[in-house]
Amino acid sequence: MDNLLEIKDLHAGIEGKEILKGIDLSIRPGEIHAIMGPNGAGKSTLSAVLAGRPDFSVTQGSISFAGHDLLAMSPEERAWAGIFLSFQYPIQIPGVSITNFLKSAVAAKRKATGEPELSPAQFLKLLKEKMALVKMKGEFAKRDVNVGFSGGEKKRNEILQMAMLDPVLSILDETDSGLDVDALKIVADGVNALRSPEKSAIIITHYKHLLDLITPDVVHVLKNGRIVATGGLEIADRIQNEGFDGING
Amino acid sequence: MDRVYRIGIDEVPKRLNLNDCEQLRLIFIVMPGVSADIPFEINIEKEGVELEILGLYLSPHSERVKFNITVRHMVGGSHSRQLFKGIVGGSARAEFDGLVYVAKGAQKTEAFQENHSLLLDNGATVETHPQLEIYADDVKCSHGATSGYLNPDELFYMRSRGIPEAEARKLQMISFVSPVISHLNETMQNQIISRL
């Protein structure tokens, strides 16, 4: 089967500083890839570049997503094509409720992909169903996006958005950081419930814990802007025991 | 009690003396295309008054808007809170002069004043001159002012969810003005949102 995502010799950075120094990565439909690495390895840069954050620039290489040139697409076009980034630090938007935020996002995606508009009742039904998935109570949807949320609430809100937008490729950027065991389980259950043979995910993490709950097909180790090792869960075990220092490909 | 003044449409008193009411909220609205000087003074002459003054100026083109607001606490034990927010673009210029005066002996006064502007273009100008003149010693008073551009992190967050850039900018503006417009009726809220 064709690759869903194909990254070739990707060099990218911010403000003239090169952070990714030649990444090659292929992901097939249905696969979950974990990317592990120490701080500063380039994990968040990779997720930012995939989602199209404007302050990062790609200096070399290519990314193809479902046959399209991803780098030529705006962030919103990438979202419409099925890319979703769960932010490591979700952004607060005072004055905009979760309901209105998701209404705009879902409506824009359906319009762009030629799907019929949801009626208000259909939208609310969908929202209720997806909120149950991440164990959120109804009144939560009235709150302003991420304003005054605890760490766990922010991450559950990310997974709620992911569930509502039904992406083909989900990128979870350190979704586990700062979560207690219960919140981590809610997030993992939410992600697992959305798994399907067509859908892929990239899970970026420092720790093996999340990978015990969401089993990846492939584990990569990113160090100094390069993938230095690729394998199965045994790599995560090695990192757990020996740290990142011992992994040099 | 709420009083809404649409600048250029409603007559605005230049001066009010507050001596009989307990609670008052005044809202000044300057819509796009309106240039105006808005001098306004209010004297609080009664204890236990809760006064709120809100202002919104939408000046996206070449408007000139100038607020000159004076709040005088002549007696103690009253609270005033001012919040002025504006979106300024093109070559427009907005100015906010705000004086809070606390008379001698007006103890236990609380007076807060804030002015925040969102700049849409490099050619837009905002100027803010907050002033506190305090002759009592047991008071809580503060002022704050900010001006800045739309937050790029917010914008990217929304776009990454598939909200088109133009709509994301509009949502940011709605978010910015919401502390003021949330006190208006729905018709007025919609009128304002449609002009952002």
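Colleague: What share of chain A counts as buried, and what makes a residue buried?

Modeller: Of its 249 residues, 43% count as buried. The label goes to a residue with 20 or more other C-beta atoms within 10 Å of its own; 12 or fewer makes it exposed, anything in between partly exposed, with C-beta atoms placed from the backbone. Mind you, this is a predicted model: local features need pLDDT of at least 70 and side-chain atom pairs count only at pLDDT 80 or more, while totals for chains, interfaces and linings use all residues. Residues are numbered from 1 along each chain as its sequence is written, and chains are lettered from A and ligands numbered from 1 in the order in which they are written.

Colleague: Then why is A:N224 called partly exposed?

Modeller: A:N224 has 13 C-beta neighbours inside 10 Å, so it counts as partly exposed. You'll find A:N224 in the loop between β11 (218–223) and β12 (226–231) of chain A; strands are DSSP runs of E, at least two residues, and helices are runs of H or I, at least four, numbered from the N terminus.

Colleague: Which residues does A:N224 contact, leaving aside neighbours within four places in sequence?

Modeller: A:K21 and A:A41. Contact means that C-beta atoms, placed from the backbone, lie within 7 Å. A:N224 and A:K21 are 203 residues apart in sequence, yet 7.7 Å apart C-alpha to C-alpha. A:K21 itself stands opposite A:H11, in β2(A).

Colleague: How do you know that β1 and β2 of chain A pair?

Modeller: Pairing needs at least two DSSP bridges between two strands. Antiparallel β1 (residues 5–14) and β2 are joined by 8 bridges, so they pair. They belong to an open antiparallel sheet of 4 strands, in the order β2-β1-β4-β5.

Colleague: What makes β2 and β5 edge strands there?

Modeller: β2 (17–27) and β5 (68–69) of chain A each pair on one side only.

Colleague: Why is chain A's radius of gyration said to agree with a compact globule?

Modeller: The rule is 2.2 Å times the number of residues to the power 0.38, with the radius taken over C-alpha atoms. For 249 residues that gives a value near 18 Å, and chain A has 18 Å, so the two agree.

Colleague: What makes something a nonpolar core, and which residues touch the most other members of the largest one?

Modeller: A core is a set of buried Ala, Val, Leu, Ile, Met, Phe, Trp, Tyr and Cys residues joined through C-beta atoms within 7 Å. The largest has 77 residues, with A:I171 and A:I203 touching the most other members. A second, separate core has 40 residues, including B:Y101 and B:L118.

Key
Contact = placed C-beta atoms within 7 Å.
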